[in-house]
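Here is a briefing on one protein chain. Look through the sequence and the structure before reading the points below.

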Amino acid sequence: MSVKDTPFLEHLDTNYAPTEEELPVLRNIVQENEEILTDLDAQIQALNNVRKARADFIQRHFALLSPLKRLPDDLLSTLFLALLNHPDNRHAKMSNTHPAVVLSHVCRRWRQLALDTALLWTTLRIYPPVLPQGYPYGAYSANPHLSSQMTAHSPRVEVTRRWEKEVEKILTMTRVWLKRSKECTLTIDVHAPDVAPQIYPHHPTAVDVSPKAETSGLTALIEAVCDASRRWKIATLKISTTRLTSSDSPFRRIFTLTEDDVPLLQDLIFSVNASFGIHHEEGSLIPPHRETGMLGGRSLRSVTLGPMCVDINTLPIRWGQLTDIQFNGYINVYTPFPPGDTGPGLSFDCTQALNLLRLCPRLVNCDLSLVPYSRPLESFGTVSLPDLKSLTLRYSVPDIGFVSCLQAPSLRKLVLPNFLDMGLPNEHAGESPGSSLIAWLEAYGHQLTEIQFNVSTLTPAGLRSVMNLLPNIKTLRLDHNGDGASLPPTPNGDQVLPMPAMVDELFLGQFMPEREDQGNDEPRGPLWCPNLESLRFPRRGGTSFTEQDFLEFVAARRRMHSEGKVGQLREVTVMFGILQEGDLMARLEEMGIDVEGLTLKISYASRIPLRPEQVYPRDEYDF
């Protein structure tokens, strides 16, 4: 029955009240149509089931058309490796979410292929957890007397259990990775804290916790890694320890590896932090030292050494084969002694640096931490480094005597942060060719494409001189000690220092064409850095330009590039005190600037730093 066939058509959707005689008729109509509706629902459900089955049938057949299914195993495994090398996955830790594990859980074929692709499992990142201080490390499992006195839910017991389980979990994954990597060379990344024996004399259940029991899991983990040392190709070993030569030290195996144990090792980062809590023993030395045999590896080409307490020249390194070196100085590098004060311990000064460089004629990349206030350079011959491309000298900028000894015709990158040595600025900074930074740039400025230096070590005139010596720079990074930050005393502490240089609107103006309305009180000079592509302004002070000045600078450089006059500015990093303009990228587009390929890394910080040496960003916007 349709709506038109109902005898109640004229009464539908009204306030009509049916009579007693009409009620049975209405009930019959409702019942008949409910039955029809139920039947229709059943038919619809049946059709939906048919449709779903058909769609599933189509999808399952369509899946067979996927190009991935037709890829041969060698190409598919290449895609697996490309995924693993993606920037988002390069630092993935060993876990169930590791890309290699995820790939092995897709289907039977992918799992078998992932397990057969040994290169997926060759990077082991091992970061054991640090047990909070104040807990009896491993005591619960090591000492029955202690465990009987503590309740099962004691906070100390729970923390110890969690630590032990986490170490055991890492050990299990390490063994899995080592097995699946088969005989491939390995990349090892170990960041491991030691655990120290503790005694709780005031605890009602005080015991002397057994060191051997508390580090057994960590020891087994280190042993598993070292058992595969013959396959190490790249190794990062950053260790915090309180026991150096003890037989029960979990890291003893690492410290005793020999050159024969690492025949394939090419790249080594080795650092031992034992500054606090050392239990000194007779003859104990903080590694690395002359007995650290793996430093003499026959294939070693790149080495990074943390702060040391022994003469670097005593290490068993084959210096002549190194192409990359980073040396972070001796233990007292952060507590230098001014000229005239010999002070305790070793100091890595300019003379030692040149001696080291002379031992490494094949260097390509070099990063050295020099002691501030280096003593005058002794007479020295020429040090030739024909392949050196990148040189970083921290904490001190060697003077013209050092520069005159060095020959580096291939040098392209020079990094001179110099946050500690404040011998500059002085009354001659930037005006005398004998000033350290000027001496470097007069010798190498014309061939550099990348540089980093500290603006606060220069006077305004010195900064202009420096910039005029950098005609081919593509990457410029500027540092500053911070507005109002307390600076270390200079060797002549009674000297009144002039105001250091600032990165202001006049500084920015030298990167742009001269405007007609600009005053001509001073000679303009050449356009700075015509090939500039990347610029990082100081993040700790030293800047005084506004967001509007910054916009004009970026707009001018991008316009000049479109006219073929300069290189393309691609990336700028800057920090402002207070947000003013908002979306600077949008403002550039409003100015008609092509922003394709441009990255602005802009942050805004509080005017008052939490600590004199650091400013914390309040908000940061990356476009």
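## Briefing

F550 lies in helix 17, which covers residues 547–562. The model is predicted. The mean pLDDT of the protein chain is 80, and 75% of its residues reach 70 or more.

- F550 counts as buried because its relative accessibility is 0%, and the cut-off is under 20%.
- Beyond four places in sequence, F550 touches L508, F537, F545, V572, V574, F576, L584, L600 and I602.
- F550 and E505 are 45 residues apart in sequence, yet their C-alpha atoms are 8.2 Å apart in space.
- The largest nonpolar core has 133 residues.
- W232, W440, F453, F537 and F550 have the most contacts inside this core.
- F537 touches F550 and also L478, V503, F507, L508, T543, F545, F553, V572, T573 and V574, with residues up to four places away in sequence not counted.
- In soluble globular proteins, nonpolar side chains tend to be buried together.

**The chain as a whole**

- The secondary structure comes to 18 helices and 17 strands.
- Of the 623 residues, 42% count as buried.
- Take the contacts between residues at least 6 apart in sequence: 69% of them join residues at least 24 apart.

- Helix 3 runs over residues 73–84 and has 12 residues.
- Which residues of helix 3 are buried? They are L76, S77, F80 and L84.
- Seen down the axis of helix 3, these buried residues fall within an arc of 100°, so they line one face of the helix.
- Their cover includes helix 2 (67–70), helix 4 (99–103) and helix 5 (108–116).
- H98 lies in the loop between helix 3 and helix 4.
- H98 is buried because its relative accessible area is 4%, against a cut-off of under 20%.
- H98 is in contact with L84, A92, K93, L120 and W177, leaving aside its neighbours within four places in sequence.

- Helix 10 spans residues 216–227, with 12 residues.
- From its first C-alpha to its last, helix 10 reaches 16 Å, close to the 16 Å expected at 1.5 Å a residue.
- The buried residues of helix 10 are L218, L221, I222, A224, V225 and C226.
- In helix 12 (residues 350–359), the buried residues are C350, T351, A353, L354, L356 and L357.
- Those residues of helix 12 pack against strand 6 (324–327), strand 7 (365–369), strand 8 (383–384), helix 13 and strand 10 (406–407).
- What caps the N-terminal end of helix 12? D349 does, with a side-chain oxygen 3.3 Å from the backbone nitrogen of T351.

**T292 in its loop**

- T292 sits in the loop between strand 4 (267–273) and strand 5 (302–305).
- With a relative accessible area of 2%, T292 is buried.
- The side chain of T292 reaches the backbone nitrogen of H289 at 2.9 Å.
- T292 is in contact with F255, L257, F270, P287 and P316, its neighbours within four places in sequence left aside.

**Positive phi values**

- Most residues other than glycine have a negative phi.
- D13, a residue other than glycine, has a positive phi near 60°.
- D13 is found in the segment before helix 1 (23–63).
- Is D13 buried or exposed? D13 counts as exposed, at 84% relative accessibility.
- Y395 is not a glycine either, and its phi is positive at about 75°.
- Y395 belongs to the loop between strand 9 (390–394) and helix 13 (400–405).
- Y395 is buried, with a relative accessible area of 16%.

- Over residues 134–150 the pLDDT stays under 50, and the model has 42 contacts beyond four places in sequence for them.
- Residues 333–344 also have pLDDT below 50, and this stretch has 19 contacts in the model beyond near neighbours in sequence.
- Where pLDDT is low, the predicted coordinates should not be read in detail.

Note on methods: Residues are numbered from 1 along each chain as its sequence is written. Side-chain values use heavy atoms; hydrogens and water are left out. A nonpolar core is a set of buried Ala, Val, Leu, Ile, Met, Phe, Trp, Tyr and Cys residues joined through side-chain atoms within 4.5 Å. Buried means under 20% relative accessible area, exposed over 50%, partly exposed in between (1.4 Å probe, protein chains only). Contact means heavy atoms within 4.5 Å. Helices (H or I, at least four residues) and strands (E, at least two) are DSSP runs, numbered from the N terminus. The expected span of a helix is 1.5 Å times one less than its number of residues. The arc is that of the directions from the helix axis to the C-beta atoms. A polar contact is a pair of N or O atoms within 3.5 Å; within protein, one must be able to donate a hydrogen and the other to accept it, and residues adjacent in sequence count only if both atoms are side-chain atoms. pLDDT is the predictor's confidence in each residue, from 0 to 100.
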